[in-house]
Amino acid sequence: MRYLHTMIRVTDIEESLDFWCNKMGLVETRRKEVPEGKFTLIFLAAPKDEADARANNAPELELTYNWNSDEVLDTARAWGHVAYKVDNIYETCQRLMDAGVTINRPPRDGNMAFVKSPDNISIELLQEGDPLPKQEPWASMENTGSW
């Protein structure tokens, strides 16, 4: 057995790709249009996973867009989050904030933060290696919304 992907539904392809690729830094590895099912699948990989994703179609995040859907997406209580390791938690959070992304749980501990996608998917960011020393403004920043 090996892990392939996590699928999340999205309501706006361009807004979702702006968030996941331009802001989060993921890379689109492949796309599949399914006219008979009226949906689009877009597969993304973290930069350090890109080679494996292209070679093995894993590990990936699958964005599923249902055509002509007015469905309002909500997360169920059982849904948790997706998680990514980052090279520098503070630089990543600052870059995301500068791009207009709310930091729902700031990296007060130099190790962990949470943000949400435009479709309300919770994303955990974890510092690669040991936690960074605590620093402001992060150490005293309050949570915003849910995470």
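Here are some numbered notes on this predicted model, meant to be read with the structure open.

1. Ground rules. Residues are counted from 1 along each chain as its sequence is written, and side-chain values use heavy atoms, with hydrogens and water left out. Since the model is predicted, local features need pLDDT of at least 70 and side-chain atom pairs count only at pLDDT 80 or more, while totals for chains, interfaces and linings use all residues.

2. Confidence. The score to know here is pLDDT, the predictor's confidence in each residue, from 0 to 100. The protein chain has a mean of 93, and 95% of its residues reach 70 or more.

3. The parts list. You'll find 3 helices and 8 strands in the protein chain. Both kinds are DSSP runs numbered from the N terminus: helices are H or I with at least four residues, strands are E with at least two. Going along the sequence, the pattern reads β-α-β-β-α-β-β-α-β-β-β.

4. Overall shape. The radius of gyration is 16 Å, close to the 15 Å that the globule rule gives for 147 residues, so the protein chain is as compact as a globular protein of that length. (That radius is taken over C-alpha atoms, and the rule is 2.2 Å times the number of residues to the power 0.38.) Along the principal axes, the C-alpha atoms fill a box of roughly 50 × 35 × 30 Å.

5. Inside and out. Of the 147 residues, 38% are buried, meaning under 20% relative accessible area with a 1.4 Å probe, counting protein chains only; exposed is over 50%, and partly exposed is in between. Take the contacts (heavy atoms within 4.5 Å) between residues at least 6 apart in sequence: 61% of them join residues at least 24 apart.

6. A bit of background: strands of a sheet pair through backbone hydrogen bonds, either parallel or antiparallel. In this model, 4 strands form an open sheet in the order β1-β4-β3-β2, with mixed pairing. β1 (5–10) and β2 (27–34) sit at the edges with a single partner strand each, so one side of each has no neighbour in the sheet. On average, neighbouring strands of this sheet are turned by 20° against each other, direction ignored.

7. A closer look at that sheet. Two strands count as paired if DSSP finds at least two bridges between them. β3 (residues 39–45) and β4 (residues 60–66) have 6 bridges and run antiparallel, with Phe 39 opposite Asn 66 in β4. Helix α1 (residues 13–23) lies across β1, β2, β3 and β4, at about 5° to β3; axes are lines fitted to C-alpha atoms, for helices over the stretch in contact, and angles run from 0 to 180 degrees between N-to-C directions.

8. Strand β8. Is β8 (residues 122–127) mostly covered or mostly uncovered? Mostly covered: 5 of its 6 residues are buried. β5 (residues 82–86) pairs with β8 in the parallel sense over 5 bridges, and Ala 83 stands opposite Glu 124. β7 (residues 112–116) pairs with β8 in the antiparallel sense, also over 5 bridges, and here Ala 113 faces Leu 125. β7 and β8 make a hairpin with 5 residues between them, and Asn 120 in the turn has a positive phi of about 70°.

9. Asn 104 lies in strand β6 (residues 103–105) and is buried, with a relative accessible area of 8%. Leaving aside neighbours within four places in sequence, the contacts of Asn 104 include Phe 114, Val 115 and Lys 116, as well as Asn 143 and Trp 147.
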